[in-house]
Amino acid sequence: MLTLKSEHPVPSVLKQLGEMTACRDMHLVEQSLLRTLGPVLGIKSTSLYRVDEHGVVTRALHHTRDAAMVGGERYRTCDQTGEPGSAVGLEPAVADLLSALRLLDHSCARPQPGGYLIGYPLHGADHLCGYVVFERDHEVTPTEHAVIHGVLEVFSNYYALLDASQRDRLTGLLNRHSLELNLTRMWDALAQRLKHGAEAAQVNRRRDQAQTYWLGVLDIDHFKKVNDTHGHIMGDEILLLTARLLEGALRRSDLLYRYGGEEFIVIVAANDLATATQIFERARQAVAQFKFPQVGRLSISGGFSMADPAVQPQAIINRADRALYEAKADGRDRIYFYEELIRTGRLQEVQSGTIDLF
Ligand SMILES: Nc1nc2c(ncn2[C@@H]2O[C@H](COP(=O)(O)OP(=O)(O)OP(=O)(O)O)[C@@H](O)[C@H]2O)c(=O)[nH]1
(Lines give C-alpha, C1' and ligand atoms only; values in the text may rest on other atoms or scores of the structure.)
Protein backbone atom coordinates (compact mmCIF):
# COMPACT_ATOMS: atom_id res chain seq x y z
CA MET A 1 0.00 0.00 0.00
CA LEU A 2 1.40 3.37 -1.02
CA THR A 3 -0.83 5.57 1.08
CA LEU A 4 -1.28 6.08 4.81
CA LYS A 5 -3.79 8.31 6.56
CA SER A 6 -2.76 11.95 6.10
CA GLU A 7 -2.71 14.41 8.98
CA HIS A 8 -4.26 17.85 9.02
CA PRO A 9 -1.68 19.77 7.01
CA VAL A 10 -1.36 23.08 8.86
CA PRO A 11 -0.47 22.01 12.45
CA SER A 12 1.54 19.06 11.18
CA VAL A 13 3.55 21.14 8.71
CA LEU A 14 4.20 23.92 11.23
CA LYS A 15 5.41 21.42 13.82
CA GLN A 16 7.68 19.69 11.32
CA LEU A 17 9.03 22.95 9.91
CA GLY A 18 9.92 23.96 13.47
CA GLU A 19 11.82 20.71 13.90
CA MET A 20 13.49 21.02 10.53
CA THR A 21 14.83 24.51 11.16
CA ALA A 22 16.07 23.46 14.62
CA CYS A 23 18.60 21.12 12.96
CA ARG A 24 22.09 22.41 12.33
CA ASP A 25 23.28 19.35 10.48
CA MET A 26 22.48 19.35 6.76
CA HIS A 27 21.89 15.60 6.64
CA LEU A 28 19.38 15.84 9.48
CA VAL A 29 17.64 18.72 7.72
CA GLU A 30 17.22 16.52 4.64
CA GLN A 31 15.77 13.70 6.73
CA SER A 32 13.48 16.16 8.43
CA LEU A 33 12.18 17.38 5.05
CA LEU A 34 11.14 13.87 4.12
CA ARG A 35 9.54 13.37 7.55
CA THR A 36 7.58 16.58 7.00
CA LEU A 37 6.14 15.59 3.65
CA GLY A 38 5.23 12.00 4.53
CA PRO A 39 2.43 12.63 7.04
CA VAL A 40 1.03 15.67 5.20
CA LEU A 41 0.57 13.77 1.96
CA GLY A 42 -0.33 10.49 3.61
CA ILE A 43 2.51 8.71 1.87
CA LYS A 44 4.63 5.90 3.10
CA SER A 45 7.92 6.46 1.30
CA THR A 46 9.67 9.63 0.25
CA SER A 47 13.02 9.95 -1.47
CA LEU A 48 15.43 12.81 -1.92
CA TYR A 49 17.98 12.72 -4.73
CA ARG A 50 20.90 15.14 -4.57
CA VAL A 51 22.53 16.10 -7.85
CA ASP A 52 25.86 17.72 -8.62
CA GLU A 53 26.38 20.66 -10.97
CA HIS A 54 26.16 18.31 -13.98
CA GLY A 55 22.80 16.93 -12.89
CA VAL A 56 24.27 13.56 -11.87
CA VAL A 57 22.63 11.98 -8.82
CA THR A 58 25.31 11.71 -6.14
CA ARG A 59 23.16 10.84 -3.12
CA ALA A 60 19.81 9.23 -2.51
CA LEU A 61 18.00 9.42 0.79
CA HIS A 62 15.01 7.10 1.18
CA HIS A 63 12.61 7.59 4.05
CA THR A 64 9.88 5.15 5.00
CA ARG A 65 7.28 5.48 7.72
CA ASP A 66 5.58 2.44 8.98
CA ALA A 67 2.19 2.66 10.67
CA ALA A 68 2.20 -0.96 11.79
CA MET A 69 3.60 -0.26 15.24
CA VAL A 70 1.18 0.19 18.13
CA GLY A 71 1.25 3.62 19.73
CA GLY A 72 3.00 5.50 16.99
CA GLU A 73 4.90 5.35 13.79
CA ARG A 74 8.27 3.97 13.07
CA TYR A 75 10.68 5.64 10.67
CA ARG A 76 13.36 4.05 8.60
CA THR A 77 15.84 6.12 6.70
CA CYS A 78 18.31 4.74 4.23
CA ASP A 79 21.07 7.03 3.04
CA GLN A 80 22.77 5.84 -0.11
CA THR A 81 25.81 7.69 -1.40
CA GLY A 82 27.30 6.95 -4.80
CA GLU A 83 30.61 5.12 -5.00
CA PRO A 84 33.54 7.46 -5.60
CA GLY A 85 33.37 9.04 -9.02
CA SER A 86 30.15 7.31 -10.00
CA ALA A 87 26.46 8.05 -9.87
CA VAL A 88 23.86 6.42 -7.63
CA GLY A 89 22.04 3.60 -9.45
CA LEU A 90 18.41 4.51 -10.18
CA GLU A 91 15.37 2.44 -11.07
CA PRO A 92 14.32 3.13 -14.69
CA ALA A 93 11.01 4.76 -13.68
CA VAL A 94 12.81 7.09 -11.27
CA ALA A 95 15.54 7.89 -13.81
CA ASP A 96 12.84 8.74 -16.35
CA LEU A 97 11.01 11.00 -13.89
CA LEU A 98 14.22 12.79 -12.89
CA SER A 99 15.15 13.57 -16.47
CA ALA A 100 11.67 15.03 -17.02
CA LEU A 101 12.02 17.10 -13.84
CA ARG A 102 15.40 18.34 -14.99
CA LEU A 103 14.07 19.38 -18.37
CA LEU A 104 10.87 21.00 -17.15
CA ASP A 105 12.15 22.31 -13.80
CA HIS A 106 8.60 21.82 -12.55
CA SER A 107 6.72 19.10 -10.65
CA CYS A 108 5.85 16.01 -12.70
CA ALA A 109 3.70 12.92 -12.22
CA ARG A 110 4.00 9.59 -14.04
CA PRO A 111 1.20 7.00 -13.93
CA GLN A 112 2.37 3.58 -12.80
CA PRO A 113 0.68 0.40 -11.57
CA GLY A 114 -1.32 1.27 -8.46
CA GLY A 115 -0.88 5.02 -8.65
CA TYR A 116 1.58 7.73 -9.58
CA LEU A 117 5.25 8.46 -9.22
CA ILE A 118 5.47 12.17 -8.39
CA GLY A 119 8.51 14.42 -8.30
CA TYR A 120 9.42 17.99 -7.39
CA PRO A 121 12.66 19.82 -8.20
CA LEU A 122 14.68 21.25 -5.32
CA HIS A 123 16.57 24.50 -5.76
CA GLY A 124 19.75 25.65 -4.01
CA ALA A 125 20.88 29.29 -3.88
CA ASP A 126 20.70 29.68 -7.69
CA HIS A 127 20.62 26.23 -9.22
CA LEU A 128 18.83 22.90 -9.27
CA CYS A 129 20.31 20.78 -6.49
CA GLY A 130 18.02 17.78 -6.25
CA TYR A 131 14.58 16.20 -6.40
CA VAL A 132 11.96 14.94 -3.99
CA VAL A 133 10.12 11.86 -5.24
CA PHE A 134 7.20 9.88 -3.81
CA GLU A 135 4.57 7.36 -4.86
CA ARG A 136 0.88 7.82 -4.26
CA ASP A 137 -2.39 6.29 -5.40
CA HIS A 138 -3.73 9.66 -6.60
CA GLU A 139 -2.30 12.87 -7.97
CA VAL A 140 -1.49 15.93 -5.89
CA THR A 141 -4.38 18.34 -5.34
CA PRO A 142 -3.89 22.11 -5.83
CA THR A 143 -3.92 22.65 -2.03
CA GLU A 144 -1.36 19.90 -1.47
CA HIS A 145 0.74 21.34 -4.28
CA ALA A 146 0.79 24.72 -2.51
CA VAL A 147 1.80 23.06 0.78
CA ILE A 148 4.60 21.05 -0.86
CA HIS A 149 5.82 24.15 -2.64
CA GLY A 150 5.92 26.13 0.61
CA VAL A 151 7.73 23.37 2.50
CA LEU A 152 10.32 23.00 -0.27
CA GLU A 153 10.89 26.73 -0.33
CA VAL A 154 11.48 26.89 3.44
CA PHE A 155 13.78 23.88 3.13
CA SER A 156 15.78 25.39 0.25
CA ASN A 157 16.20 28.75 1.98
CA TYR A 158 17.22 27.15 5.25
CA TYR A 159 19.54 24.70 3.53
CA ALA A 160 21.22 27.58 1.63
CA LEU A 161 21.73 29.43 4.93
CA LEU A 162 23.26 26.36 6.56
CA ASP A 163 25.42 25.78 3.51
CA ALA A 164 26.72 29.38 3.67
CA SER A 165 27.56 28.95 7.37
CA GLN A 166 29.67 25.91 6.50
CA ARG A 167 31.69 27.56 3.74
CA ASP A 168 34.83 29.60 3.78
CA ARG A 169 34.12 33.13 2.54
CA LEU A 170 37.24 33.54 0.41
CA THR A 171 37.46 30.21 -1.38
CA GLY A 172 33.87 28.93 -1.11
CA LEU A 173 35.26 25.62 0.16
CA LEU A 174 33.79 23.84 3.17
CA ASN A 175 35.17 25.40 6.36
CA ARG A 176 36.60 24.03 9.58
CA HIS A 177 33.21 24.00 11.29
CA SER A 178 31.84 21.82 8.51
CA LEU A 179 34.88 19.53 8.80
CA GLU A 180 34.20 19.00 12.50
CA LEU A 181 30.55 18.11 11.83
CA ASN A 182 31.42 15.76 8.97
CA LEU A 183 34.23 14.04 10.86
CA THR A 184 31.91 13.26 13.77
CA ARG A 185 29.30 11.81 11.42
CA MET A 186 31.86 9.93 9.36
CA TRP A 187 33.54 8.40 12.41
CA ASP A 188 30.17 7.31 13.82
CA ALA A 189 29.37 5.61 10.51
CA LEU A 190 32.80 3.95 10.34
CA ALA A 191 32.49 2.71 13.92
CA GLN A 192 29.02 1.29 13.17
CA ARG A 193 30.42 -0.46 10.13
CA LEU A 194 33.20 -1.94 12.21
CA LYS A 195 30.76 -3.17 14.84
CA HIS A 196 28.31 -4.75 12.42
CA GLY A 197 30.50 -5.12 9.39
CA ALA A 198 32.33 -8.40 9.93
CA GLU A 199 29.67 -10.56 8.26
CA ALA A 200 28.80 -7.88 5.71
CA ALA A 201 32.46 -7.61 4.75
CA GLN A 202 32.53 -11.31 3.99
CA VAL A 203 29.34 -11.14 1.96
CA ASN A 204 30.43 -8.12 -0.01
CA ARG A 205 34.12 -7.54 0.41
CA ARG A 206 34.47 -5.26 -2.59
CA ARG A 207 31.89 -2.81 -1.39
CA ASP A 208 33.30 -2.77 2.13
CA GLN A 209 36.78 -1.99 0.91
CA ALA A 210 35.49 0.82 -1.26
CA GLN A 211 34.66 2.71 1.89
CA THR A 212 38.16 3.19 3.23
CA TYR A 213 38.83 6.87 3.83
CA TRP A 214 42.13 8.72 3.67
CA LEU A 215 42.66 12.11 5.24
CA GLY A 216 45.25 14.50 3.86
CA VAL A 217 46.56 17.90 4.97
CA LEU A 218 47.85 20.02 2.07
CA ASP A 219 49.77 23.28 2.52
CA ILE A 220 50.98 25.87 0.00
CA ASP A 221 54.78 26.12 0.09
CA HIS A 222 56.46 29.43 0.99
CA PHE A 223 53.16 31.23 1.05
CA LYS A 224 54.48 33.92 3.38
CA LYS A 225 56.89 34.91 0.62
CA VAL A 226 53.98 35.33 -1.81
CA ASN A 227 52.29 37.72 0.60
CA ASP A 228 55.51 39.56 1.36
CA THR A 229 56.47 39.94 -2.30
CA HIS A 230 53.12 40.45 -4.03
CA GLY A 231 50.85 41.68 -1.23
CA HIS A 232 47.98 40.18 0.71
CA ILE A 233 45.41 40.69 -2.05
CA MET A 234 47.49 38.68 -4.49
CA GLY A 235 47.94 36.13 -1.67
CA ASP A 236 44.15 35.84 -1.45
CA GLU A 237 43.94 35.32 -5.20
CA ILE A 238 46.51 32.52 -4.98
CA LEU A 239 44.45 30.86 -2.26
CA LEU A 240 41.35 31.06 -4.41
CA LEU A 241 43.14 29.69 -7.49
CA THR A 242 44.71 26.88 -5.47
CA ALA A 243 41.28 25.92 -4.14
CA ARG A 244 39.94 25.72 -7.73
CA LEU A 245 42.95 23.68 -8.89
CA LEU A 246 42.52 21.21 -6.04
CA GLU A 247 38.79 20.92 -6.71
CA GLY A 248 39.54 20.24 -10.36
CA ALA A 249 42.04 17.52 -9.51
CA LEU A 250 39.79 15.75 -7.00
CA ARG A 251 36.71 13.69 -7.73
CA ARG A 252 33.09 14.69 -7.09
CA SER A 253 32.97 12.42 -4.07
CA ASP A 254 36.14 13.74 -2.39
CA LEU A 255 35.72 16.36 0.31
CA LEU A 256 37.87 19.46 0.31
CA TYR A 257 38.03 21.90 3.23
CA ARG A 258 39.94 25.07 3.93
CA TYR A 259 41.37 24.17 7.30
CA GLY A 260 43.29 27.34 8.10
CA GLY A 261 45.28 30.10 6.35
CA GLU A 262 46.99 28.23 3.48
CA GLU A 263 46.12 24.75 4.70
CA PHE A 264 43.54 22.44 3.16
CA ILE A 265 42.14 19.12 4.30
CA VAL A 266 41.05 16.49 1.81
CA ILE A 267 39.05 13.36 2.59
CA VAL A 268 39.21 10.74 -0.10
CA ALA A 269 37.34 7.43 -0.36
CA ALA A 270 39.51 4.85 -2.13
CA ASN A 271 39.76 1.08 -2.28
CA ASP A 272 43.48 0.96 -1.64
CA LEU A 273 46.60 2.96 -0.88
CA ALA A 274 47.67 3.09 -4.53
CA THR A 275 44.42 4.81 -5.56
CA ALA A 276 44.57 7.24 -2.62
CA THR A 277 48.21 8.08 -3.41
CA GLN A 278 47.28 8.69 -7.04
CA ILE A 279 44.53 11.14 -6.07
CA PHE A 280 46.78 13.15 -3.70
CA GLU A 281 49.55 13.11 -6.29
CA ARG A 282 47.16 14.45 -8.92
CA ALA A 283 46.29 17.33 -6.59
CA ARG A 284 49.98 18.14 -6.05
CA GLN A 285 50.70 18.10 -9.78
CA ALA A 286 47.70 20.30 -10.59
CA VAL A 287 49.26 23.09 -8.50
CA ALA A 288 52.87 22.42 -9.56
CA GLN A 289 51.98 22.59 -13.27
CA PHE A 290 49.94 25.78 -13.09
CA LYS A 291 51.46 29.13 -13.92
CA PHE A 292 49.95 31.59 -11.45
CA PRO A 293 49.43 35.06 -12.98
CA GLN A 294 52.21 37.45 -11.87
CA VAL A 295 53.56 34.97 -9.33
CA GLY A 296 54.62 32.09 -11.55
CA ARG A 297 55.14 28.55 -10.27
CA LEU A 298 54.10 27.44 -6.79
CA SER A 299 53.88 24.10 -5.08
CA ILE A 300 52.08 22.35 -2.26
CA SER A 301 53.27 19.78 0.26
CA GLY A 302 51.09 17.28 2.03
CA GLY A 303 50.75 14.38 4.40
CA PHE A 304 47.99 11.81 4.59
CA SER A 305 46.89 8.96 6.79
CA MET A 306 44.27 6.24 6.74
CA ALA A 307 41.06 7.14 8.57
CA ASP A 308 41.12 4.51 11.29
CA PRO A 309 37.75 4.62 13.12
CA ALA A 310 39.45 3.40 16.32
CA VAL A 311 41.51 6.60 16.44
CA GLN A 312 40.05 10.03 17.21
CA PRO A 313 39.67 12.16 14.04
CA GLN A 314 41.87 14.88 15.55
CA ALA A 315 44.64 12.29 16.01
CA ILE A 316 44.34 11.36 12.31
CA ILE A 317 44.71 15.03 11.40
CA ASN A 318 47.81 15.18 13.62
CA ARG A 319 49.24 12.14 11.84
CA ALA A 320 48.71 13.71 8.42
CA ASP A 321 50.21 16.93 9.78
CA ARG A 322 53.33 15.12 10.98
CA ALA A 323 53.76 13.56 7.53
CA LEU A 324 53.31 17.04 6.00
CA TYR A 325 56.07 18.36 8.26
CA GLU A 326 58.42 15.67 6.95
CA ALA A 327 57.50 16.52 3.34
CA LYS A 328 58.38 20.17 4.04
CA ALA A 329 61.65 19.12 5.67
CA ASP A 330 62.60 17.10 2.57
CA GLY A 331 62.34 20.12 0.28
CA ARG A 332 58.54 20.52 -0.25
CA ASP A 333 56.46 19.81 -3.40
CA ARG A 334 55.78 16.23 -2.25
CA ILE A 335 53.14 14.26 -0.36
CA TYR A 336 53.99 11.67 2.28
CA PHE A 337 51.95 8.81 3.70
CA TYR A 338 52.12 8.75 7.51
CA GLU A 339 51.92 4.95 7.91
CA GLU A 340 54.82 4.55 5.48
CA LEU A 341 56.95 6.93 7.58
CA ILE A 342 56.12 4.81 10.65
CA ARG A 343 56.91 1.56 8.80
CA THR A 344 60.31 2.81 7.70
CA GLY A 345 61.11 4.11 11.20
CA ARG A 346 61.33 7.73 10.12
CA LEU A 347 58.51 8.65 12.52
CA GLN A 348 57.64 7.07 15.85
CA GLU A 349 54.02 6.34 16.78
CA VAL A 350 52.79 8.64 19.54
CA GLN A 351 50.06 7.53 21.91
CA SER A 352 47.01 9.34 20.58
CA GLY A 353 43.32 9.39 21.43
CA THR A 354 41.81 6.00 20.71
CA ILE A 355 38.11 5.27 20.66
CA ASP A 356 36.61 2.36 22.51
CA LEU A 357 34.51 0.78 19.79
CA PHE A 358 33.10 -2.25 21.57
N1 LIG B 1 46.75 36.45 1.73
C2 LIG B 1 46.46 35.67 2.75
N3 LIG B 1 47.46 35.16 3.51
C4 LIG B 1 47.13 34.34 4.53
C5 LIG B 1 45.80 33.99 4.83
N6 LIG B 1 45.82 33.16 5.90
C7 LIG B 1 47.11 32.99 6.25
N8 LIG B 1 47.92 33.69 5.43
C9 LIG B 1 49.39 33.82 5.44
O10 LIG B 1 49.98 32.57 5.15
C11 LIG B 1 51.35 32.63 5.58
C12 LIG B 1 51.77 31.28 6.11
O13 LIG B 1 53.13 31.35 6.37
P14 LIG B 1 53.95 30.21 7.08
O15 LIG B 1 53.07 29.44 8.04
O16 LIG B 1 55.20 30.84 7.61
O17 LIG B 1 54.26 29.17 5.95
P18 LIG B 1 54.92 29.32 4.52
O19 LIG B 1 55.53 30.67 4.26
O20 LIG B 1 53.91 28.85 3.54
O21 LIG B 1 56.11 28.29 4.58
P22 LIG B 1 56.07 26.72 4.52
O23 LIG B 1 54.69 26.29 4.95
O24 LIG B 1 57.10 26.28 5.49
O25 LIG B 1 56.37 26.32 3.13
C26 LIG B 1 51.43 33.75 6.61
O27 LIG B 1 52.17 34.81 6.08
C28 LIG B 1 49.97 34.17 6.80
O29 LIG B 1 49.84 35.56 7.04
C30 LIG B 1 44.76 34.54 4.01
O31 LIG B 1 43.58 34.31 4.19
N32 LIG B 1 45.14 35.36 2.99
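A polar contact here is a pair of N or O atoms within 3.5 Å; within protein, one must be able to donate a hydrogen and the other to accept it, and residues adjacent in sequence count only if both atoms are side-chain atoms. With that in hand, look at Asp-236: a polar atom of its side chain sits 2.7 Å from a nitrogen atom of the ligand. Keep in mind that this is a predicted model, where local features need pLDDT of at least 70, side-chain atom pairs count only at pLDDT 80 or more, and totals for chains, interfaces and linings use all residues. Residues are numbered from 1 along each chain as its sequence is written, and side-chain values use heavy atoms, with hydrogens and water left out.

Back to the ligand. Taken alone, the ligand exposes 670 Å², and the protein buries 66% of that (areas by the Shrake-Rupley method with a 1.4 Å probe; for residues, only the protein chains shown count as cover).

In total, 16 residues surround the ligand, each with a heavy atom within 4 Å of it. By class, the shell has three nonpolar, five polar and eight charged residues; Ala, Val, Leu, Ile, Met, Phe, Trp, Tyr, Cys and Pro count as nonpolar, Asp, Glu, Lys and Arg as charged, and the others, Gly among them, as polar. Helix α8 gives the most, with four residues. Helices (H or I, at least four residues) and strands (E, at least two) are DSSP runs, numbered from the N terminus.

Most residues other than glycine have a negative phi. At 47% relative accessibility, His-222 counts as partly exposed, given that buried means under 20% relative accessible area, exposed over 50%, and partly exposed in between (1.4 Å probe, protein chains only).

Now move to α9. Its buried residues are Ala-276, Ile-279, Phe-280, Ala-283, Arg-284 and Val-287. They cover an arc of only 135 degrees around the axis, so they lie on the same side of α9; the arc is that of the directions from the helix axis to the C-beta atoms. The face turned away from that buried side carries the exposed Ala-274 and Gln-278. Ala-283 has a relative accessible area of 0%, and its C-alpha is 5.4 Å from that of Leu-246, 37 residues apart in sequence.
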